[in-house]
Amino acid sequence: MGLASKIVGAVAKRLPAHGRDRAEEWLLPRRPFERLEVPASSALTIICDDGETRDLDIVELLDRHGAKGVFAVSPGLIGRPGFLGYEQLRTIRAGGHEIAFHGTTHDAFTGFATPAALEAAIGEGVARMAAEGLGTPSTLIYPFGRHNRWVRASVAGRFDCAFTTWFGLNERHANRFGIRRIPFGAYVGKLPGTEAWYQSLIDRAAAGGGWPALMLHPAAEGHTPQHTAMLGRLIEHARQRGVAVRTVAAHLSAPAGRARDPEHPPAATLPGARV
Ligand SMILES: [Zn+2]
């Protein structure tokens, strides 16, 4: 066992869920494709995981506020009881919201036996989404937030960026394939989760060009109608502070905001990329 692995193992024991993966990501240097310079303009991004029908509450709220959000779906779940169908997702996309990829079957990517097996599974799901009129997703939301060093390398050729469940407000430099999120409603855990706390994160983003990405599970027990109402107020709060509410794709392609990284062009321009 190499020294780096020993250190990773030692640190992992002291960390909560995803401990080893987090320790590895923290300790080992970022590879060129992982380097993301967070756009200088601040933005708030709202991401709903799993594509359950309760997401429609959020679609309605966003539409009422004239804001666009991100809806992360797994083709293996689309159309099942309690989940949005393709027709509903096409309507959401036509409304200007972003449809992101959330795994073909919602199995954790770290559980695949080999990168080739993971890439084959992703290829199937992405092709299905394209065939169903949902376009080719450029944003990946890891199922269960799980990722590690080989997973990030494996997904980098196909997606422009990927989000985890790991907590954080993205500022200055981030891992393009391990972008942090802030839980809202469900899965807040020991975080404050109060309106004042979310406002303070937005204020911090406004002051320093940060990029808070909210993670929502509108169908989960922790998410109440009060959360949906609070989200509407936070959207207005962000706008009052000059923080744009926009999708991942819109923020990463914002004029003059994008990090110039010739080693990792957007997925759509990579040779052989599905379009
Ligand atoms: Zn999920």
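Biologist: Why do the ends of helix α8 agree with its length in residues?
Modeller: In this predicted model, helix α8 runs over residues 225–240, and at 1.5 Å a residue its 16 residues should span 22 Å, which agrees with the 23 Å found between its end C-alpha atoms.

Biologist: Which residues of α8 are buried?
Modeller: The buried ones are His227, Leu231, Leu234, Ile235 and Ala238, and because they cover an arc of only 110° around the axis, they lie on the same side of α8.

Biologist: Why would residues three or four places apart point the same way?
Modeller: An α-helix has 3.6 residues a turn, so residues with that spacing point the same way.

Biologist: And what is exposed on the other side of α8?
Modeller: There you will find Pro225, Gln226, Ala229, Glu236 and Gln240, which are exposed.

Biologist: What covers the buried residues of α8?
Modeller: The cover includes the strands β2 (43–49), β8 (179–184) and β10 (244–245), together with the helices α3 (55–65) and α7 (195–208). If you follow the chain onward, α8 is followed by Gly242, which has a positive phi, near 80°.

Biologist: You mentioned α3, so which of its residues are buried?
Modeller: Asp55, Ile58 and Leu62 are the buried residues of α3, and the arc they cover around the axis is only 55°, which puts them on the same side of the helix. The face turned away from that buried side carries Glu60 and Arg64, which are exposed.

Biologist: Switching to strands, how do β3 and β4 run, and how many bridges join them?
Modeller: They run parallel and are joined by four bridges, and between them the chain passes through helix α4 (residues 86–94), making a β-α-β crossover that is right-handed. Within this pairing, Ala72 stands opposite Ala100 in β4.

Biologist: Where does Phe109 lie, and why does it count as buried?
Modeller: Phe109 lies in the loop between β4 (98–101) and α5 (115–131), and it counts as buried because it has 24 C-beta neighbours inside 10 Å, where the cut-off for a buried residue is 20 or more.

Biologist: What is Phe109 in contact with?
Modeller: Leaving aside neighbours within four places in sequence, Phe109 is in contact with Gly103, Leu118, Tyr142, Pro143, Arg146, His147 and Val151. As for Ile122, it is 13 residues from Phe109 in sequence, and their C-alpha atoms are 9.6 Å apart in space.

Biologist: Which residues touch the most other members of the largest nonpolar core?
Modeller: Ile47, Ala72 and Ala162 do, in a core of 58 residues, and the largest share of this core, five residues, comes from β2. If we do not count residues up to four places away in sequence, Ala162 touches Leu140, Tyr142, His147, Val155, Phe177, Gly178 and Ile179.

Biologist: Stepping back, what does the secondary structure of the chain come to?
Modeller: The chain has nine helices and 10 strands, and of its 275 residues, 39% count as buried. Among contacts between residues at least 6 apart in sequence, 73% join residues at least 24 apart.

Technical notes. Residues numbered from 1 in each chain as written. Predicted model: local features only at pLDDT ≥ 70, side-chain atom pairs only at ≥ 80, totals over all residues. Helix = DSSP H or I, 4+ residues; strand = E, 2+ residues; numbered from the N terminus. Expected span 1.5 Å × (residues − 1). Buried ≥ 20, exposed ≤ 12 C-beta atoms within 10 Å, placed from the backbone. Arc of directions from axis to C-beta. Contact = placed C-beta atoms within 7 Å. Pairing = 2+ DSSP bridges. Right-handed = clockwise from strand over helix to strand, strands pointing away. Core = buried A, V, L, I, M, F, W, Y, C linked by C-beta atoms within 7 Å.
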